[in-house]
Amino acid sequence: MLNTKTIRNDFELNDSVYLLSHSVGRPLKNAEDNLSAIFFEAWKSNEPWHQWMEVFTAFQQSLAALLHGQPENYCPQTNLSSAFTKILFSLPIRNGKQYILLSEFDFPSIGFVAEQAKKNGYDLKFLPKEADHTNPQIWADALTDEVQWVIITQVQSNTGVQIPVKEITALANERTILSVVDVAQSVGILPINVEDWNASFIIGSCVKWLCGGPGAGFLYVNPNIISSCEPSDVGWFSHEQPFEFDIHHFKYHPTALRFWGGTPSVIPFAVATNSIQYLTNVGIDAVRKHNIDLTNLLIEAVTPEHIISPVDPDKRSGTIILNFEEHQEKVVNKLAEHNVAFDARVFGIRLSPHIYSSRQDMETVISCISL
Ligand SMILES: Cc1ncc(COP(=O)(O)O)c(C=O)c1O
């Protein structure tokens with residue numbers, strides 16, 4: 001049983017009912033002290049890099065502890081867009097396989113990056129909005145011979161829908177199609193086992209449910225594929241021996257770190273590692289159960305026609321999306337008056353209770369949405 005009181009005490013909360021963890025997770029109270037000890041203390045020495053490098057090792061280890069797989073298969077990245085760019089340009093376009101399959105519901109960044117790949121001869125194919133993205137058959141029909149890449153967004157930010165990743169990556173693997181899974185909206189709230197998926201690549205960041213702040217993105221590379229990847233965006237940290245310092249000799253790092261690049265920022269990864277370790281210690285199953293318990297309270301309080309996100313816990317994400325149509329503005333105003341931190345997107349109001357949210361928080365929301 002979770003001690004929610006202790007947990008709430010570990011986070012920097014204010015007097016709002018904070019339901020924006022799909023956007024920015026709350027910081028841990030110890031984030032600043034932890035950063036001082038790890039980053040600024042090391043900087044006071046003549047050679048801080050030795051200790052700073054340990055931050056990245058800890059980051060890789062914390063991701064492997066949370067998501068499975070080996071630490072060396074994770075590479076720190078700035079964000080998902082940049083990781084995706086590096087991936088798309090790391091493998092040659094194969095003959096007759098000019099398509100990248102994505103969805104109209106992917107995050108815009110993903111589409112912007114894919115659009116740039118047209119410069120390399122690719123074309124884009126979108127799963128339409130009307131398609132039932134939860135149905136593997138829809139993906140099976142779209143994964144034709146001309147597709148080289150498929151992008152799977154595990155949780156769609158505007159619909160709160162969970163996509164059946166494992167079924168789709170299995171189809172892609174059968175058809176030698178490369179898969180990239182976007183876990184921006186799922187990591188830290190849904191249990192993930194990267195080995196189960198066997199995707200080619202997985203991209204994510206720590207700013208949302210992982211409560212790790214912006215700037216600590218990551219890329220998981222399937223160990224079966226690492227040796228064939230030749231990213232073009234490299235730097236001395238992508239080199240097998242970063243400290244060799246020979247301008248005429250570059251050899252890709254044998255691990256996922258070949259995707260790294262030049263001198264990395266350290267602070268975001270120190271902050272994020274602390275929060276990944278915290279949530280892993282709490283246990284993602286417990287985090288998810290708490291989220292389901294609280295979102296169930298909302299679901300029970302609202303008439304079904306106003307619930308846009310799926311109701312089935314296996315199909316919904318951590319976010320409940322509600323649309324009250326002609327009453328929407330009234331509800332939005334009431335939530336704002338009661339100091340509820342939420343946002344509203346094309347399909348409705350997005351509400352994301354996390355480990356630091358309480359039943360009392362849900363009662364406040366319910367009092368605002370009861371028409
Ligand atoms: C599903 C999804 N992918 C990607 C992103 C953001 O990508 P980036 O890290 O490049 O900003 C978001 C941000 O909200 C998102 O919801």
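The model is predicted, so local features need pLDDT of at least 70 and side-chain atom pairs count only at pLDDT 80 or more, while totals for chains, interfaces and linings use all residues. Residues are numbered from 1 along each chain as its sequence is written.

**Helix α4 and the chain as a whole**

- The buried residues of α4 are L80, A83, F84, T85, K86, I87 and L88, and they pack against β2 (74–77), α5 (108–116), β5 (147–153), β6 (178–182), β7 (201–205) and β8 (217–221).
- The chain has 12 helices and 12 strands, which are DSSP runs numbered from the N terminus (helices: H or I, at least four residues; strands: E, at least two).
- Of the 371 residues in the chain, 43% are buried, and its C-alpha trace spans about 70 × 55 × 30 Å along the principal axes.
- Among contacts in the chain with a separation of 6 or more, 71% are between residues 24 or more positions apart, a contact being two residues whose C-beta atoms, placed from the backbone, lie within 7 Å.

**Surroundings of the ligand**

- The ligand is surrounded by N79, L80, S81, F107, S109, T153, S157, D182, A184, Q185, S205 and G217, a residue being near if its C-beta atom, placed from the backbone, lies within 6 Å.
- By class, this shell has 3 nonpolar, 8 polar and 1 charged residues, where Ala, Val, Leu, Ile, Met, Phe, Trp, Tyr, Cys and Pro count as nonpolar, Asp, Glu, Lys and Arg as charged, and the others, Gly among them, as polar.

**A sheet of 3 strands**

- An open sheet has the strand order β9-β12-β11 with antiparallel pairing, and two strands pair if DSSP finds at least two bridges between them.
- Strands β9 (320–322) and β11 (343–345) stand at the edges with a single partner strand each, so one side of each has no neighbour in the sheet.
- Strand β9 is joined to the antiparallel β12 (residues 348–351) by 3 bridges, and I320 has L351 in β12 as its bridge partner.

- Most residues other than glycine have a negative phi.
- N198, in the loop between α8 (194–197) and β7, has a positive phi of about 55° although it is not a glycine, and N198 is partly exposed, with 14 other C-beta atoms within 10 Å.
- F245, in the loop between β8 and α9 (267–282), also has a positive phi of about 55° without being a glycine, and F245 is exposed, with 9 other C-beta atoms within 10 Å.

Conventions. Buried ≥ 20, exposed ≤ 12 C-beta atoms within 10 Å, placed from the backbone.
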